[in-house]
Amino acid sequence: MDGKKLEYKGEEALKEIEKLTKNADEVQESLLKDILTQNRETEYLNKYMKGETYITDLQEFKRCVPVISYEGMFPYIQRIANGEDSSLITGKPITEMLCSSGTSAGEPKLMPSIAEDLDRRTFVYNLIMPIMNQYVHDLDEGKAMYLYFVKAEKSTPCGLPARSVLTSYYKSKHFKCRTHDPWNDFTSPDQTILCHDINQSMHCQLLAGLIHRRQVLRLGAVFASALLRAISFLERNWKHLCNDIRNGQLSSFITDPSCCSSMSTLLSSPDPCLADEIAKICSQKCWKGILCKLWPKAKYIEAVVTGSMAQYVPALEHYCEGKLPLVCTMYASSECYFGVNLKPLCDPNDVGFTLLPNMGYYEFIPLGHNGTLLMNFDENEQVPNDKLVDLVNVKLGCFYELVITTFAGLYRYRIGDVLQVIGFYNKAPQFRFICRRNVVISIDSEKTNEEDLHRSVTMSKKLLEPYDALLVEYTSYADTSSVPGHYVLYWEILHYGLKGDPLDPKVLQECCIAVEEELDYVYRRCRTNDKSVGPLEICVVEPGTFEGLMDLFIAKGASINQYKTPRCIKSKKALKLLKSKVMASFFSPRDPKWT
C-alpha cells in the first residue's frame, strides 16, 4: 500500500475517534443492545433476565444482572474450558481463553475470547500511529525496534488454546498477514518475535536492532519492565552480539530454525566496522544514555509506564539520559482493550486514557471524590446495582473502579483497576490509571495499596541520588513470623557512579524512615500508638535478583510481554528466592520521632 493511501487511513482513523467520542452515550447504548441481542439465549443472562423482551431491555439488565468479580464468573469459564458449549455465556463460539499475567493477583485468570475480539484489538492498534503522527513527524522514514515476545501456549481440557492476549495477537492473521506499513516497519523479523525460546528471541531481536541502529527512529516494548530486561540482556551479551555482526554468522546457541533462517538475510556478510562501533559504546563503564548512543536517531521510547510500571521511569530516563520522551499509547487488558492516550508526549505522571465507547460497555463503581480515594466495596463484596455510573456520567476528579460488559460473555465484570477522571475529550471521559485495587500489604488494621506504597518508595529513593545510586526495582512482603509483624521491602539498587562505593548504612536507615513517613495515618498509628506493626525493614538484594524473579514467574506461565513485578509477594517460591539474594538489611527506629 502506498504512502498516500496510508496517510488517508490515518486521517480516517482520527475522524473515527472524533465520531466515537462525540457520540459516546449513543455508541454505548447501541453497543449494549448489540451485546444483549447477540447473547440473549445464553444460560447466564437467562438466569437473571426472563423473557425475550426483557433480555434486550437495558434498564432490566442494569436492575437484574449482578456486578461480579472473577470468582463469580469462574464456574462458567471452567465449564466451557472442560467442554460445555459457549452458549453458557455468549452467542458466538469461544475460540480461545486468554490468560492474564498472573502477577497482579496471584494465579493467571482465564478470559473468554471470540473471533471478533481480534478485530476490536486491531482497531485500537490501528489508531496508535495516526495519533503519534500528529506529534512526531517522519516516522515512516525509518524503523521501530520494538521487542515483542510470545509464550508457548497451553490448552484447556476440551482443546481450546489458552494463551496471553499478546501471544494471541502475534499469532493471528491480523499480525502475521498485515499489509506492509512504513509507519510500522519493525527491525525484528516476525519469526524472531514468534520464537518460544525467550533467550533466542531476545538475542535475535536485539541483534536485528543493532544491525539497523542507524535507521531506528523509536524503541519500545509492551511494558517498561520488558525493555529494561532487554537492556540487562544486552549488558551481559553485547560481546556475543558484536561477534555475530563481525563474523556475519549467528551464535551457535541459536537453534530455532525460523530464527536462523530469518536472521541469515540480515547477517549476509561480515561487518567488522559496525561491530567495532557497537563494542566501543557498550564497553564504557557507565551505561548512562546508552540507548541514545546505540540508536542515535531514536525519537522516543514506547512502553507502558503507568501504575506499577511507573517505578521504571527513572531507570529508563537513566539509560536515555532523559533525552527521549517516554510514550504510553494505550490502556488494555486481557478482558478488553479500553482506550488510547491522545496526548502521547505528555509526562508519564500525566498520562490519561480516553476510553473508546465501541470496545465494551463501561460502568463505574464510585470510590471517592475531590481527590480522596476511598476503597469501599472489597473485591468479594456485593456491589449494589444502583451504585454504578455510566461512562458519560462520571465526574471530573472522582475515583472509580472499572466494570466491563463484553460480547465474549463478561457481564458487569469488575476489572479491578482504580481510575481517576482527569478530563473529557468531547463526551468521552479521560482517566488516569491509579492502581490495582487488590494489591495490598497489611499487618493489622492498616491497609497499604499499590499507589500508597509506590508514592512512599518514590519519595524515599530520592535519598539515594546524591550517592550516584538508583533504585531499579522493589517489592514488599508482610512478615508476620514475629510479633508484631512488619513490612519488608526488597530493593535492588544500581550504582552508576564511577566510585561504586557501598552505601552508608545510615542512608538506607533514612530510607526506611522516609517510607514510613509517607504511609497513611493508620499505618503510623499502628506503629507508634498501638505498637501492632513493627519497624519497617529494607533488604538490599543482589544485582539481577528481580530478573530472576521474572524468570520464576515466566516459568510458572506468565508472559514476558505482560509481566509486572508483584508489589506484594505471596508466593513461597518467590519469597525464598528473594531471601536467598539479600546482601544487607536495614530497619527504621523502634520508636520513630514522627507522629
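This is a predicted model: local features need pLDDT of at least 70, side-chain atom pairs count only at pLDDT 80 or more; totals for chains, interfaces and linings use all residues.
## Around Arg120

Leaving aside its neighbours within four places in sequence, Arg120 is in contact with Ile114, Asn358, Met359 and Phe407.

Is Arg120 buried or exposed? With a relative accessible area of 18%, Arg120 counts as buried, because the cut-off for that word is under 20%. Its side chain also makes a polar contact, at 3.1 Å, with the side chain of Asp117.

Follow the chain onward and you come to Val136, in the loop between H7 and strand S3 (143–147). Val136 has a relative accessible area of 9% and is buried.

Which residues touch Val136, apart from its neighbours within four places in sequence? They are Lys299, Tyr300 and Leu345. Looking back along the chain, Tyr125 is 11 residues away from Val136, and 17 Å separate the C-alpha atoms of the two.

## The domains

Now for a wider view. The chain is divided into domain 1 (10–115 + 332–436), domain 2 (137–298) and domain 3 (439–587). Taken over C-alpha atoms, the centres of domain 1 and domain 3 are 33 Å apart.

## Two helices side by side: H11 and H13

Two packed helices are described by the angle between their axes and the distance between the axes. For helix H11 (residues 198–211) and helix H13 (residues 257–266), the axes come within 11 Å and cross at roughly 10°. The two helices are therefore roughly parallel to each other, since angles under 35 degrees count that way.

Where they meet, H11 contributes Cys204, Leu207, Ala208 and Ile211, while H13 contributes Cys259, Met263 and Leu266. By class, this contact has seven nonpolar residues, with no polar and no charged ones.

## An enclosed helix: H19

Our last stop is helix H19 (residues 521–528). Six of its eight residues are buried, so H19 is largely enclosed by the rest of the structure. The buried residues are Val522, Tyr523, Arg524, Cys526, Arg527 and Thr528.

What covers the buried residues of H19? The cover includes strand S20 (486–495) and helix H18 (505–518).

Technical notes. Residues are numbered from 1 along each chain as its sequence is written. Side-chain values use heavy atoms; hydrogens and water are left out. Buried means under 20% relative accessible area, exposed over 50%, partly exposed in between (1.4 Å probe, protein chains only). A polar contact is a pair of N or O atoms within 3.5 Å; within protein, one must be able to donate a hydrogen and the other to accept it, and residues adjacent in sequence count only if both atoms are side-chain atoms. Contact means heavy atoms within 4.5 Å. Domain bounds come from an automatic or database domain assignment. Axes are lines fitted to C-alpha atoms, for helices over the stretch in contact, and angles run from 0 to 180 degrees between N-to-C directions. Helices (H or I, at least four residues) and strands (E, at least two) are DSSP runs, numbered from the N terminus. Angles under 35 degrees count as roughly parallel, over 145 as roughly antiparallel, 65 to 115 as roughly perpendicular and the rest as oblique. Ala, Val, Leu, Ile, Met, Phe, Trp, Tyr, Cys and Pro count as nonpolar, Asp, Glu, Lys and Arg as charged, and the others, Gly among them, as polar.
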